[in-house]
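Welcome! Take a look at the protein below, and then we will walk through some of its details together.

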Amino acid sequence: MRIDVDPSQTDPTSVYRLLTATVVPRPIAWVSTVSADGTDNLAPHSFFTIASVNPPVVQFTSVGRKDSLRNVEETGAFVVNLAPEGLFERINATATDFPRGTSEFDACGVEREPSLRVKAPRVAASPVALECELHSTLRIGDSTVVFGRVVHVAVDEVYMTDGHPEITRMRPLTRLGRNEWGTLGGVREIARVPYQG
Ligand SMILES: Cc1cc2nc3c(=O)[nH]c(=O)nc-3n(C[C@H](O)[C@H](O)[C@H](O)COP(=O)(O)O)c2cc1C
């Protein structure tokens, strides 16, 4: 027996809860931006993925019009910082709805470092930063998908083994349903099987 849900006959919050509980685990883009007047901003976004390979483009979704989105529109750039397990409470703290003009870097005690290619700062303690220039935005209902062309990737060498970012050292957090977060589980490897027709 299945429970059937027709989104058009269900309140949007319930549909949202179902989707975020079932599209799991979601990687967390810890998005740093800067406004036109120079206030920097930091907020986690789990509606995040790779949009294209060549050119390299990543995407995150702003549900509603949040400071991160407004800053990207104003200054045309953002940084995706990988969200590591060691910064769990701080990442969550940066999701607080501080008034515009407050920097989460300062309010939550997150150390910044300058980016190489964009004005928005990076999170100093994040293993990987993807510096992005705004590619485009796509408005869908109450949400806006932000596409950013990756113009620079900065990986802390501590996390690299043989030129490869080592997952067990980076320990990225993920977002699940409700207030649940995931930590890195077991890592399994298997080679792709070529078709032998
Ligand atoms: C782990 C996590 C993931 C989140 N993912 C999103 C998301 O994908 N899109 C979104 O609009 N808000 C998301 N939020 C909520 C925002 O981080 C929150 O509204 C924040 O205050 C927005 O900050 P800003 O106004 O400075 O951009 C998430 C919150 C948490 C804790």
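A residue is called buried under 20% relative accessible area, exposed over 50%, and partly exposed in between (1.4 Å probe, protein chains only). By that scale, Arg-171 is partly exposed at 30% relative accessibility. Please keep in mind that this is a predicted model, where local features need pLDDT of at least 70 and side-chain atom pairs count only at pLDDT 80 or more, while totals for chains, interfaces and linings use all residues. Residues are numbered from 1 along each chain as its sequence is written, and side-chain values use heavy atoms, with hydrogens and water left out.

**Salt bridges**

- The structure holds 8 salt bridges, a salt bridge being a side-chain nitrogen of Lys or Arg within 4 Å of a carboxyl oxygen of Asp or Glu.
- One of them joins Glu-85 and Arg-171, with 2.8 Å from N to O.
- Glu-85 lies in the loop between strand E6 (77-82) and helix H3 (88-93), and Arg-171 in the loop between helix H5 (167-170) and strand E13 (174-175), so this pair ties together parts that are 86 residues apart in sequence. Helices (H or I, at least four residues) and strands (E, at least two) are DSSP runs, numbered from the N terminus.
- Glu-85 is partly exposed, at 28% relative accessibility.
- Another salt bridge links Glu-131 to Arg-122 at 2.6 Å, N to O, and both Glu-131 and Arg-122 are buried.
- Arg-112 pairs with Asp-106, their closest N and O atoms being 3.1 Å apart. Here Arg-112 is partly exposed at 31%, whereas Asp-106 is exposed at 54% relative accessible area.
- Through shared partners, salt bridges join Asp-40, Asp-106 and Arg-112 into one network.

**Around the ligand**

- How many residues surround the ligand? There are 19, and the closest are Asn-41, Ser-46, Val-63, Lys-66 and Ser-68; to count, a residue needs a heavy atom within 4 Å of the ligand.
- A polar side-chain atom of Asn-41 lies 2.8 Å from an oxygen atom of the ligand.
- For Ser-68, a side-chain N or O atom is 2.6 Å from a ligand oxygen, and for Glu-104 the distance is 3.3 Å.
- Taken alone, the ligand exposes 650 Å², and the protein buries 88% of that. Such areas come from the Shrake-Rupley method with a 1.4 Å probe.
- Strand E3 (40-45), strand E5 (57-63) and helix H2 (67-75) are the elements that give two or more residues to the shell around the ligand. E3 gives the most, with 4 residues.

**A buried phenylalanine**

- Phe-105 belongs to helix H4 (residues 104-107) and is buried, at 1% relative accessibility.
- Phe-105 and Thr-94 are 11 residues apart in sequence, and their C-alpha atoms are 7.9 Å apart in space.

- Most residues other than glycine have a negative phi, and most peptide bonds are trans.
- A cis peptide bond joins Val-24 and Pro-25, with omega about -10°; Pro-25 lies in the loop between helix H1 (12-22) and strand E1 (26-27).
- Asn-54 and Pro-55 are also joined by a cis peptide bond, with omega about 10°; Pro-55 is in the loop between strand E4 (48-52) and E5.
- Arg-171 has a positive phi, near 45°, without being a glycine.
- Arg-178 is not a glycine either, yet its phi is positive, about 40°. Arg-178 sits in the loop between E13 and strand E14 (181-182) and is exposed, at 72% relative accessible area.

Notes. Polar contact = N/O pair within 3.5 Å; in protein donor to acceptor, adjacent residues only side chain to side chain.
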